[in-house]
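Please look over the sequence and the model below.

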Amino acid sequence: MLKFALKFALLLLLVSCASSKKDKFDDYVFQTKKEKNTYIRSYNKSLKLWGIPYSEQNIKTRFGMAHIIITGPKNGKKLVLLHGMDASSTMWYPNIKSLSKNHRVYAIDFLIEPGKSTLSAKALSSEDIVIWYNDIFNYYRLKDFDIVAASRGGWIATLLASQKYNTINKIVLLSPAQTFKFVDKIGKSTNALLLKFFPSDENFDNTLEAFSAYPEKISSTFKKQLYLAHKYSKSNTSMLKMLPFSDNELKSISCPVLVLIGDNDVINSDKSLERAQTTLVKCNTKIIKDAGHFLSIDQYKAVNEAIITFLKQN
């Protein structure tokens, strides 16, 4: 009888452990399933701001599930979009109509940030990031394609282009973070760090004021999603590992590059553009007037025109 009781107790313990393991929410980015679902609903509302037909796809990679939003003519020139930190692919809502008019666009959610990509590993090195994006490029057989990338996405685009073997045709960097030099205006940029680690309405408003020349122009729908990204996602210190690239790394990039920054940018300045011009083999630079770090929203018409003109050039 005692043996039976012990076996029964052990069985209950095993079932309990198995059940708790099954119920446990294991996600690199979000704390709970409820919070993730709340964020995803907000993401879906922001995606409707695109105002054009699109498809969403999830593909398996060696580091987890990659989420890609695809739009534009199937026979159009291939264009990859890499979003800014915690903004997800929905951030392209002011630009997507122009960019997808003649391009087949692939907007990728970075898997270690809030979005619909899901990380199965615990952390990614720079080498892993390159592998992950190449898994996506290989899946879609992307060759001789262009990239438009913002902020942290710009750092990633530069990392991809500095690899010995790549098939990138052109790159547009929208105020790339930590790419040519360290953050320019540390005082104002600390608002983003405060928001990252201490999310609140006040810190969110302060961040928008620091990073956008016209925060009132930002869609309230997208603002809500961006706030939830900071409120519900786990603090991600991987951004602290983003260091400016060396001269040799930048000189190894052979494709044409356009660098755009806002005249009120807290991340970059004239010095960033000077280093880009002296280290990149083929580089054009431009300062967008009346724009902050969120220049693709602040002055989307001017940014769209500059991007399209550059991509059309031979």
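What share of the contacts in the chain with a separation of 6 or more comes from residues 24 or more positions apart? The share is 76%.

This is a predicted model. The chain has 12 helices and nine strands. Of its 314 residues, 52% are buried. The accessible surface comes to about 15600 Å². Carbon and sulfur atoms account for 54% of that surface.

Now for the charges. Side chains of opposite charge can pair when their charged atoms come close. Six salt bridges are found in the whole structure. The table gives three of them.

| Salt bridge | Closest N to O |
|---|---|
| Lys 116 and Glu 56 | 2.9 Å |
| Lys 77 and Asp 146 | 3.4 Å |

Take Lys 116 and Glu 56, which form a salt bridge. Lys 116 lies in the loop between strand 4 and strand 5, and Glu 56 lies in strand 1, so the pair ties together parts 60 residues apart in sequence. Lys 116 is buried, at 19% relative accessible area. Glu 56 is partly exposed, at 33%.

Next come Lys 77 and Asp 146, also joined by a salt bridge. Lys 77 sits in strand 3 and Asp 146 in strand 6, 69 residues apart. Lys 77 is partly exposed, at 30% relative accessibility. Asp 146 is buried, at 0%.

Glu 113 is buried, at 2% relative accessibility. Arg 152 is buried as well, at 5%.

Definitions and conventions: Residues numbered from 1 in each chain as written. Predicted model: local features only at pLDDT ≥ 70, side-chain atom pairs only at ≥ 80, totals over all residues. Heavy atoms only, no water. Helix = DSSP H or I, 4+ residues; strand = E, 2+ residues; numbered from the N terminus. Buried < 20%, exposed > 50% of the residue type's maximum accessible area, 1.4 Å probe, protein only. Contact = heavy atoms within 4.5 Å. Areas by Shrake-Rupley, 256 points an atom, 1.4 Å probe, with all protein chains shown as cover. Salt bridge = Lys/Arg side-chain N within 4 Å of Asp/Glu carboxyl O.
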